Amino acid sequence: MPLSAAASLPARLDRLPWSRWHWRVVIALGVAWVLDGLEVTLVGSIGSVLERPDTLGLDAAQVGWTGSLYIAGAVVGALVFGRLTDRLGRKKLFMITLALYMAATLASAFATDFHWFALCRLATGLGVGGEYAAINSAIDELVPARVRGRVNLVINASFWIGAALGAGLSLVILDERVLGPVMGWRVCFLLGAVLAVAIVLVRRHVPESPRWLAMHGHHARAEAVVREIEAQVMAEHGTLPALPTAAPGESSRSPGQAVGLLSWREIAQVLLHHYRARSLMVALMMVAQAFVYNAIFFTYSLVLTRFFQVPDTRVALYLFPFALGNVLGPLLLGHLFDSIGRRRMIAATYLLAGLGLAATAAAFNAGWLDALGLALCWSAVFFVASAAASSAYLTASEVFPLQMRAMAIAIFYAIGTGVGGFIAPALLGWLIASGDRQAVAAGYAVGAVLALLAGLCALRWAVDAERRTLEEVAELKRRGRRRRASGQDLLGNACAQRGQQRL
């Protein structure tokens, strides 16, 4: 039987061939990760510079705390703006959060002491955390299902394009022959704010998600957006593929049925009851990747300067192989998440990352590595760890119902980043300050154990979401379990009850 008009909106988006329109959306939204990479790398590259008495005069623990406060801001931002993203729409929030990021980054350039700088990092984190919820929701809802995995992984990997850009900026600008450390670190943040202005100009042309519009009852606007997208794709590719017919046994509830904003009680029931196994898996994936990345990356410059006597103005050189591995991993492995499948690839990347991290920690503790050797080890480890981390965001954004997608992303980002990301920089900063190699290696080993646990959990509970529509993924139940009322059924019941209350 043919699909209804409302139900056909997701199918019309998923059938579209890849086009210039998709490229524009990916670039306009995905560049948020470039900004995040730029921010994190700038602080990672200039961490030792900020310890100088002629800059901010921070100590190693304070450098670690600035990283932790940035993460704390990201956690709060994800929760606050994630809720607003489900309430007000994807587009409004990815514009608001970008503006907040821009203002906070600009203010960072004028910091005069630890407290001012820490407050600016907290505010910058608020903007970046909000971006994660709004951007991941919008991208998954606009990208065709058959390529959603690889696109999402590549977009998340663009973080490391920003990382390379931040490393390059710091390397040049901190050079005494250019600006030097005293003024150069401020200019780095100024350039980040300028880049954000350029992104605002590009992003304003991205439409609101038709899925979100239909969910909130704005069917005419959703139809208009889809027609405009189809017209642009047809101008490039000609006739579009035919729409699929409804699959046997497909839920009769229209994906376009208006539900409105779910209450916190309803969200808790979906996450803790109907999707309990998925929630546990995503939470562990998020905690593991956040701990591993933040433990290593936020304190990388301190390890290089303390244990390998790398001059603070040359730290950025060692970030390039690190960034290269992180970019190439999702680029080369991303298509396998759509072909081999989510379950196998998520488990494999987490398990390999955990084993590689454990081996690197052991080599570091034994004194077998110099600065270049450590950089090459991290490049190899994060070749797979980057794909694993990106798959965590992909999983959080596609395995829960549309009506609470942004909030689900925000909740699990907050759990992972709050537990793993907030603790890791402060913990590793404290361990590095001790000057004990064995203590630092033990910190790395904690990350390895978390990655291995996440891989085993994914092997058991990961969802086979490859090449399926978002609506279909939300209905899938784990193999071998007797079907119970799904989260989508709960949402349909909530919608019906609200409709009756209005009569």
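**Note on the cavities, a pocket and the confidence of a predicted helical model**

1. In the second largest cavity, α12 gives the most to the lining, with four residues. A cavity here is a set of points on a 1 Å grid over the protein atoms alone where a 1.4 Å probe fits but cannot get out, and lining residues have an atom within 4 Å of a point. Helices are DSSP runs of H or I with at least four residues, strands are runs of E with at least two, and both are numbered from the N terminus. The volume of this cavity is about 60 Å³, taken as the space filled by probe spheres set on the points, with grid points joined across faces, edges and corners.

2. The model is predicted: local features need pLDDT of at least 70, side-chain atom pairs count only at pLDDT 80 or more, and totals for chains, interfaces and linings use all residues. Residues are numbered from 1 along each chain as its sequence is written, and side-chain values use heavy atoms, with hydrogens and water left out.

3. The second largest cavity is lined by Ala-288, Gln-289, Val-292, Tyr-293, Tyr-350, Ala-353, Ala-385, Ala-388 and Ala-451. At least two lining residues come from each of α12, α16 (342–366) and α17. By class there are eight nonpolar, one polar and no charged residues; Ala, Val, Leu, Ile, Met, Phe, Trp, Tyr, Cys and Pro count as nonpolar, Asp, Glu, Lys and Arg as charged, and the others, Gly among them, as polar.

4. Over the whole structure, the search returns five cavities of 30 Å³ or more. The largest cavity holds about 340 Å³ of space. Its lining has 24 residues, with Tyr-132, Phe-159, Gln-289, Tyr-293 and Tyr-393 nearest the centre. Two or more lining residues come from each of α2 (20–46), α3 (60–88), α5 (114–142), α6 (148–157), α7 (159–173), α12 (276–297), α17 (371–398) and α18 (405–433). Helix α12 has the largest share in this lining, five residues. The classes are 17 nonpolar, six polar and one charged.

5. The second largest pocket contains about 350 Å³ of space, a pocket being an open set of points with protein on both sides within 12 Å along at least five of seven lines. It has 16 lining residues, and those closest to its centre are Trp-23, Val-26, Val-154, Ile-155 and Ser-158. Helices α2, α6 and α14 (319–333) each give two or more residues to the lining, and α2 has the largest share, six residues. By class, this lining divides into 13 nonpolar, two polar and one charged.

6. Trp-33 belongs to helix α2. Its relative accessible area is 3%, so Trp-33 is buried; buried means under 20%, exposed over 50% and partly exposed in between, with a 1.4 Å probe and protein chains only. Not counting residues up to four places away in sequence, Trp-33 touches Glu-131, Tyr-132, Ile-135, Asn-136, Ile-155, Asn-156, Ser-158 and Phe-159, where contact means heavy atoms within 4.5 Å. Between Trp-33 and Val-128 the C-alpha to C-alpha distance is 8.6 Å, at a separation of 95 residues in sequence.

7. Ser-209 sits in the loop between α8 (180–203) and α9 (210–215). Ser-209 counts as buried because its relative accessible area is 1%. Apart from neighbours within four places in sequence, its contacts are Arg-90, Glu-141 and Leu-142.

8. The protein has 21 helices and zero strands. Of its 503 residues, 60% count as buried. Among contacts with a separation of 6 or more, 85% join residues 24 or more positions apart.

9. The end C-alpha atoms of α16 are 36 Å apart, which agrees with the 36 Å that its 25 residues should span at 1.5 Å a residue; the expected span is 1.5 Å times one less than the number of residues. Helix α3, with 29 residues, reaches 41 Å from its first C-alpha to its last, close to the expected 42 Å. Just after α3, Gly-89 has a positive phi of about 115°.

10. The mean pLDDT of the protein is 82, and 89% of the residues score at least 70; pLDDT is the predictor's confidence in each residue, from 0 to 100. Among the elements, α16 has the highest mean pLDDT (95) and α21 (residues 487–502) the lowest (48). Residues 247–258 stay under 50, and the model has 23 contacts for them beyond four places in sequence. Residues 494–503 are also below 50, with ten contacts beyond near neighbours in sequence.
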